[in-house]
Amino acid sequence: MKNIGILSVLIIVSLISFSCQKVSENVTVSGTIKGLEKLNKKVPSHVYLHHGFIHESIPIQKDGSFQKEIPLSEPVYCSITIGKMQQQVILLKPGENLEVFVDFNKPLEEALSCGGTLGEYANKLIEIEKPLKKKYLYQLYTEDEYIAEIEALKANVLAMVDTLISDADLRRQQIIRVENDIRIKYQNYRKEILSIYKDRVLSDKFKSKIKDLKMDDMEAFNYSMDFRRYVLRDIYDTLYYKYYKHNGECYGKAGISAISKLKNDLIKDHVIVSSRLSMLRSDVRKEAYEFLISNATDPRAKQIVEEAYQQIAPGKKLESFTYKSYDGKMVSLEDFKGKYVYIDIWASWCAPCIRQMPYLDTIEQKYHGRNIEFVSISVDDLRNTDKWREKIENLNLNGIQLISDQRTNSPFLEQFGVKSIPHFLLIGPDGHLVDGYAPRPSNPKLIEVFDGLGL
């Protein structure tokens, strides 16, 4: 599945616990992006804030600007991903503002800077994180060489923290973050080396570097993005793999089995939030929804699950669309009133989308002349309309071919929370939603769905 994040500015937000009075105020996140024309098909459509219990998306305007007021009751650390740029940690606080400036005319490592009341601290975090972003080819290092490399990195970054951050609480948070980021670097080396060299036995010296890695360390979970990702990935690799791969359960059932085993409420809530989309698009989405709602302990986690489910709830009345077709006509959802509509959301550059086209053509031929229309909506940038038309011609695509005037920013597409493509929808004759995650054309269950509707 091709992630729309390849096109997008992604801001991944993690909830942090601070010892302060919780007062609900807005934080303003705004900014500008320069050099968008250099990104070609990878032009971002949104700024996304969606890690932890905050899930926001900020549309990027044609001039590269974006702005949104976001309600906060406590400070949160955020990890920003912009195009191909690596994630960057910043901090948001209620009642303050952060300005984000991105210039893709510059090298990626120099493209990001921040302003506003939160800008000074954000820029310090940018500098601190630069050395932590180095990638390692683990097999090129002996144990001693890797230890020497990582210990030097740790000393360097902790010295930067001591120099740049004067506030004692913030300095402590960053020390916890750096120490656990370093532990994860050792853990990643261990995992990679042991996967390559099955008989390798790590030394006691190396093992001592990860002995303090505690999977239930909530301060590490709050302050270190690397630690949090490691914990969540470990849960997926062990529990989800067990139930999904070994036991043959569908993803929704596997999620229920896995989450039921978790004891820590904070970690459970984060797994619920991060798993919700995959579970809600499974064959047991109603059962998955009821399980997630009843097992989430934090009201914010419940709200995120509820919002995700309502986006795809059967019977939902839909906003319409009016898009230009391949032959230049303006086509609206109302044009199909009285018929079922199977919608394929795709793009000319999306390989997984293209792989579904032969199956879609077969389905279209099978149900030709029946009470259903097949509509393909491209999220190609309008500047790439020629490429869209060329792909339709080269693949000899049938059905009704439309192109979104705002890519995934279109109100029609936003109401489903489309995050990745291909994405398939089924709409009823009354214009209401039948299935917000309809089976793909390659899935035999699509035939069962159509036949069950009497098509």
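In this predicted model, the link of cysteine 350 and cysteine 353 is right-handed, with 80° about the S-S bond. The two sulfur atoms of cysteine 350 and cysteine 353 lie 2.4 Å apart, and the pair is assigned as a disulfide because the cut-off for such a pair is a separation within 2.5 Å. The count by this rule comes to one disulfide. Cysteine 350 and cysteine 353 are both buried. Cysteine 114 also counts as buried, because its relative accessibility is 9% and the limit for burial is under 20%.

Helix α2 spans residues 143-164 and has 22 residues. From the first C-alpha to the last, α2 reaches 31 Å, close to the 32 Å expected at 1.5 Å a residue. Its buried residues are Glu143, Tyr146, Ile147, Ile150, Leu153, Val157, Met160 and Val161. Seen down the axis of α2, these residues fall within an arc of 160°, and they therefore line one face of the helix. The elements that cover the buried residues of α2 include α1 (119-129), α3 (168-196) and α4 (204-207). Asp162 and Thr163, on the other side of α2, are exposed.

Asparagine 396 is located in the loop that runs between α12 (385-395) and β15 (400-403). The phi angle of asparagine 396 is near 55°, a positive value in a residue other than glycine. Asparagine 396 has a relative accessible area of 59% and is therefore classed as exposed, the limit for that class being over 50%.

Technical notes
Residues are numbered from 1 along each chain as its sequence is written. This is a predicted model: local features need pLDDT of at least 70, side-chain atom pairs count only at pLDDT 80 or more; totals for chains, interfaces and linings use all residues. Side-chain values use heavy atoms; hydrogens and water are left out. Helices (H or I, at least four residues) and strands (E, at least two) are DSSP runs, numbered from the N terminus. Buried means under 20% relative accessible area, exposed over 50%, partly exposed in between (1.4 Å probe, protein chains only). The expected span of a helix is 1.5 Å times one less than its number of residues. The arc is that of the directions from the helix axis to the C-beta atoms. Contact means heavy atoms within 4.5 Å.
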